[in-house]
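Colleague: Could you walk me through a few local features of this model? I'll just ask as I go.
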Amino acid sequence: MKTYTCTCGQLIFFENIACFGCNREVGFLPDLICASSLESTNEGLYSPTTEEVKSRLYKKCQNYAQARVCNWMIPVESSEAFCISCRLDALIPDQSIPQNVVLWGLTEAAKRRLIYSCLRLKLPLANRVDDPERGLGFRFLADTSKPDGTVDHVVTEHDHGLITLNIAEADDAVREKIRLGMKEPYRTLLGHFRHESGHYYWDRLVLNSEFLEPYRALFGNERENYDDAMKKYYSSGPPVNWQENYISVYATMHPWEDWAESWAHYLHIQDTLEVAADFGLVGKRIKIDPKGNAEGTQASLKAKPFDQVLESWAELTIALNSINRSMGLRDLYPFILSQPVVDKLHFISKVIAGSGE
């Protein structure tokens with residue numbers, strides 16, 4: 001995400017709850033899509049120090065004020081106790097287990113980065129209370145051990161707007177073991193959120209829309225039996241030369257997974273370039289003003305000609321991979337964008353631009 005500046009001049013970052021320079025509390029203002037240091041009032045409310053919004057008053061999300069697993073704020077006029085991100089939670093893990101509290105906090109932090117992206121891209125975003133039919137919800141669950149010693153494993157998945165995530169994915173050691181076991185080049189908690197959100201937004205933006213037939217032309221027919229495709233994938237593996245048409249091995253399993261993997265990579269590109277632009281690393285290609293808008297007449301980064309976005313992405317990832325190698329680390333972005341993959345990313349850009357919200 002972008003960096004912000006406290007009134008004392010110190011940089012503040014997306015997850016900060018306090019300024020390292022002056023110890024002022026920090027909060028993210030989702031209605032304005034920005035972070036700010038805060039001044040408390042006698043009424044237990046908070047006023048941002050950011051010059052443009054000093055006159056506004058906010059209260060802390062309950063998960064900020066009490067559980068300390070959030071740093072988002074709520075406009076004082078709202079009757080809600082939880083912020084727009086935390087209101088999406090349908091189920092949280094058992095808080096009587098200390099490790100669950102730690103993993104839940106990490107999970108919420110990754111989720112807020114996803115929600116930031118949804119807000120910045122103006123994607124439709126409603127919880128399942130306000131919109132039971134089309135709302136988005138999250139269940140954060142932990143594996144449980146049975147008396148006989150067996151374990152009920154939680155499967156990360158999407159089901160009609162409800163995303164279930166195994167909080168073990170927030171444990172770096174566990175996740176890395178799974179990554180190695182499945183021979184994946186990349187596996188992150190945020191990546192899970194972006195992938196599963198792709199399934200949700202396929203339902204919201206592609207199904208029953210003018211984009212459905214163009215989607216099928218690029219990704220394939222999603223009416224193909226999913227269970228059969230999954231069995232074939234796990235028994236036979238990906239097709240030969242899969243890199244020529246897909247962003248990842250998992251994308252080869254079914255057209256839905258191809259979309260979700262491509263969607264996740266679109267979000268990777270958008271958010272990483274925003275950070276790079278904020279630090280002046282890709283300024284020659286894309287310039288973004290303090291409000292997150294692309295320079296010029298276009299309204300946002302998503303409206304920037306996507307070929308220019310991909311040019312900047314190619315330059316940046318080459319540099320980042322080279323830096324990682326100089327530190328003895330594996331490539332930060334171990335993927336190849338073939339022309340069919342680029343076409344899919346272009347399509348996703350058009351779908352998002354046409355979301356109308």
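Colleague: How many bridges join strand E9 to E13, and do they run parallel or antiparallel?
Modeller: Strand E9 (residues 137-141) and E13 run parallel and are joined by five bridges, where strands count as paired if DSSP finds at least two bridges between them, and helices (H or I, at least four residues) and strands (E, at least two) are DSSP runs numbered from the N terminus. This is a predicted model, in which local features need pLDDT of at least 70 and side-chain atom pairs count only at pLDDT 80 or more, while totals for chains, interfaces and linings use all residues. Residues are numbered from 1 along each chain as its sequence is written, and side-chain values use heavy atoms, with hydrogens and water left out.

Colleague: Which residue in E13 is the bridge partner of Leu-141?
Modeller: Leu-141 has Asn-166 of E13 as its bridge partner.

Colleague: And how does E12 pair with E13?
Modeller: Strand E12 (residues 157-159) pairs with E13 in the antiparallel sense over three bridges, with Asp-159 standing opposite Leu-162 of E13. The two strands form a hairpin with two residues between them, and His-160 in that turn has a positive phi of about 50°.

Colleague: Why is E13 described as largely enclosed?
Modeller: Four of the five residues of E13 (residues 162-166) are buried, so the strand is largely enclosed by the rest of the structure; buried means under 20% relative accessible area, exposed over 50%, and partly exposed in between, with a 1.4 Å probe and protein chains only.

Colleague: What about Asn-241?
Modeller: Asn-241 also has a positive phi, about 60°, although it is not a glycine, and it lies in the loop between helix H6 (226-236) and helix H7 (255-278). With a relative accessible area of 45%, Asn-241 is partly exposed.

Colleague: Switching to helices, at what angle do H2 and H7 cross?
Modeller: The axes of H2 (residues 98-120) and H7 cross at roughly 90° and come within 11 Å, the axes being lines fitted to C-alpha atoms over the stretch in contact, with angles running from 0 to 180 degrees between N-to-C directions.
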